[in-house]
Amino acid sequence: MTMNTIGRPTAPDANAGASVSEETFSGSKGLAQAEPLIFERGRTDVTGVDLPAPSGRADRLGGLKRQKSCGLPGLAEPEALRHYVRLSQKNYAIDLGLYPLGSCTMKHNPRLNERVARLPGFADVHPLQPEETVQGALAVMDELAHWLTTLTGMPAVALSPKAGAHGELCGMLAIRAALDARGETKRRRVLVPDSAHGTNPATAVQCGFTVEEIGHTADGRVDLDDLKSKLGDDLAGIMLTNPSTCGLFEREIIQIADLIHEAGGYFYCDGANFNAIMGRVRPGDLGVDAMHINLHKTFSTPHGGGGPGAGPTVFSEALAPYAPLPRVTRGADGALQFIEEDDDAEGAPFGRLCAFHGQMGMFTRALTYMLSHGADGLRQAAEDAVLNANYLLARLRHVMTPAFEGTCMHEALFDDRFLKGTGVETLDFAKAMIDEGYHPMTMYFPLVVHGALLIEPTETESKQGLDRFADTLIDLAEGAKAGDAARFKSAPRFAPMKRLDETQAARKPVLAWRPAGAETAQS
Amino acid sequence: MTTYYSKEHEWIRVEGDIGVVGITKYAADKLGDVVYAELPATGKAAEKDGVIAVVESVKAASEVYAPVNGEVTEANDALADAPEKVNEDPEGEGWFFKMSLADSGELSGLMDEAAYKEFIAGLD
């Protein structure tokens with residue numbers, strides 16, 4: 001019997017690696033492989049498809065046939081597949097960990113949603129199919145509309161907007177149509193608080209309005225005196241987020257709505273933060289005339305699951321006649337049908353927002369989320385989201401500096417006073433979080449808070465998960481105060497890419513890959 | 001040549017009957033690296049405290065207000081290719097635009113350098 005006398009070591013050598021460089025020969029770090037652009041990985045003499053050259057067809061290009069290769073690289077199928085799988089593994093996702101991006105409601109997307117969305121009766125239908133063959137899909141839209149109007153206390157909803165900002169466009173176009181129908185074409189001024197999402201003023205301008213900013217009080221709410229001074233007979237309305245981007249409930253919202261209505265304007269509410277009040281507060285009771293709901297935030301599927309979002313917009317009695325087409329109704333025979341044209345003389349829709357009916361995949365996921373939670377479950381989700389944010393605020397308020405006093409709603413907002421004198425800025429702090437394995441929170445927004453750090457944990461996180469996160473932030477904040485600025489300035493050290501030059505990227509953006517030697521062929 | 005400062009961190013340097021306008025070093029430092037400046041067209045009416053230009057940094061886009069009434073006579077086109085001048089030399093080569101002055105008496109409502117220094121010292 002021959003014994004293998006050179007045994008394979010089975011335990012790590014305690015003395016190994018002490019003086020070895022962190023750099024590798026390949027640029028990869030273990031299983032975190034370095035990944036170039038797909039164009040750089042491919043070669044111009046390779047193609048992933050191998051088709052015989054076409055024959056027997058007349059050349060109709062009149063001599064304009066390409067004479068030489070355009071230099072586009074090709075890859076074999078496994079190379080292309082590996083490229084995208086590697087990229088996907090560099091991604092941070094809600095399925096990997098806490099995603100505290102404020103004002104984005106990055107909540108867990110239940111897998112049941114995905115199962116339902118893939119049912120062939122929902123996934124494999126075409127928008128031009130005969131209505132009698134898609135009654136199930138229409139029933140989903142009808143039921144979803146019922147839930148949305150019930151949750152908001154608003155009588156009408158347009159399901160077709162395809163994102164939050166698209167929903168804003170929908171609401172503001174309805175306001176404009178209503179003003180025009182009143183013959184008040186001079187009402188073109190829209191008030192927007194200084195803490196608003198940037199999409200609000202952008203939407204107003206896109207719809208032909210001018211924007212006037214209103215300030216805030218020391219406790220982060222809309223400055224009522226400033227608001228009152230900016231009313232007038234040229235007022236079209238207000239665009240207000242509640243809870244605001246400061247994570248605060250606008251306590252005077254009913255008075256604000258009354259003031260706007262008395263001045264002859266309409267109240268657009270940005271519903272991005274509906275997750276904080278869902279099942280607790282009905283925007284219709286607050287005097288809201290139009291509000292979009294991000295199905296892809298409030299009702300799971302954060303960021304649209306990487307795909308499209310959906311921003312259905314609800315309307316008050318005053319604006320309902322101007323809601324866009326199409327809408328789903330039940331005909332005399334009991335079958336559901338689309339109203340595609342304004343032939344029922346009931347309203348004056350301002351038109352359509354998209355070619356078809358909206359994002360079916362979002363409708364099925366959102367309705368699945370609603371039905372699986374029930375009305376009481378939705379209310380609890382909102383309550384837990386607010387509780388989680390306040391738990392983080394309470395744990396962090398002694399080491400970080402809350403932007404405003406008191407409790408918050410669904411997100412905790414800090415400013416950068418706690419970093420003063422440390423040499424560490426909000427950006428550095430966020431980058432250091434990447435090294436600790438967390439996606440950074442929203443930073444430098446809202447603009448009204450200096451060096452803002454906006455944390456929205458959502459109801460998804462357990463107390464243990466929140467504690468781990470809070471412990472990490474406390475360690476970082478104390479590290480910054482203890483003079484460990486180098487840790488922050490060099491972060492991220494453990495990400496696939498180190499700190500990127502955002503200034504250079506903005507000043508001299510390189511937006512297209514070009515083959516080597518083709519620099520002269522630009523534009 | 002006297003330079004005046006506004007509470008919104010614009011400066012205006014009066015050269016004869018023309019005022020050169022830009023943003024202060026304090027503002028440029030606060031903004032961080034400037035990547036773009038949207039400047040007014042020549043001939044545009046400058047309305048005191050009205051938005052006249054936009055400056056965009058890696059952190060945020062900010063509005064620039066006209067410190068006095070008048071009319072824009074020239075924009076600093078060099079900023080289009082070199083917005084970094086706003087950071088490097090905010091009160092020199094990083095100027096935004098030149099304007100005529102409707103009423104030079106309005107300048108007395110602005111701060112001089114010493115008053116502005118005192119003003120920003122109270123902000124941090």
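Biologist: Which domains does the assignment give for chain A?
Modeller: The assignment gives domain 1, covering 111-369, and domain 2, covering 376-505. Keep in mind that this is a predicted model.
Biologist: OK, and what separates the centres of domain 1 and domain 2 of chain A?
Modeller: Going by C-alpha atoms, those centres are 30 Å apart.
Biologist: How many residues are in contact between domain 1 and domain 2 of chain A?
Modeller: On the domain 1 side there are 18 residues, and they touch 19 residues of domain 2.
Biologist: Switching topic: how many helices and strands are in chain A?
Modeller: Chain A has 15 helices and 13 strands. It has 523 residues, and 41% of them count as buried.
Biologist: Now helix 5 and helix 11 of chain A, at what angle do they pack?
Modeller: Helix 5 (residues 135-152) and helix 11 (residues 360-396) pack at about 55°, and their axes are 10 Å apart. That angle is why helix 5 of chain A is called oblique to helix 11 of chain A.
Biologist: Is their crossing left-handed or right-handed?
Modeller: Helix 5 and helix 11 of chain A make a left-handed crossing.
Biologist: And which residues of helix 5 and helix 11 of chain A meet?
Modeller: From helix 5, they include Val140(A), Leu144(A) and Trp147(A), while helix 11 brings Phe363(A), Leu367(A) and Met370(A), among others. By class, that contact has 10 nonpolar residues, one polar and one charged.

Terms used: Residues are numbered from 1 along each chain as its sequence is written. Chains are lettered from A and ligands numbered from 1 in the order in which they are written. This is a predicted model: local features need pLDDT of at least 70, side-chain atom pairs count only at pLDDT 80 or more; totals for chains, interfaces and linings use all residues. Axes are lines fitted to C-alpha atoms, for helices over the stretch in contact, and angles run from 0 to 180 degrees between N-to-C directions. Helices (H or I, at least four residues) and strands (E, at least two) are DSSP runs, numbered from the N terminus. Angles under 35 degrees count as roughly parallel, over 145 as roughly antiparallel, 65 to 115 as roughly perpendicular and the rest as oblique. A crossing is left-handed if the near helix is turned anticlockwise from the far one by less than a right angle, and right-handed if clockwise. Two residues are in contact if their C-beta atoms, placed from the backbone, lie within 7 Å. Ala, Val, Leu, Ile, Met, Phe, Trp, Tyr, Cys and Pro count as nonpolar, Asp, Glu, Lys and Arg as charged, and the others, Gly among them, as polar. Domain bounds come from an automatic or database domain assignment. A residue is buried if 20 or more other C-beta atoms lie within 10 Å of its own, exposed if 12 or fewer, and partly exposed in between; C-beta atoms are placed from the backbone.
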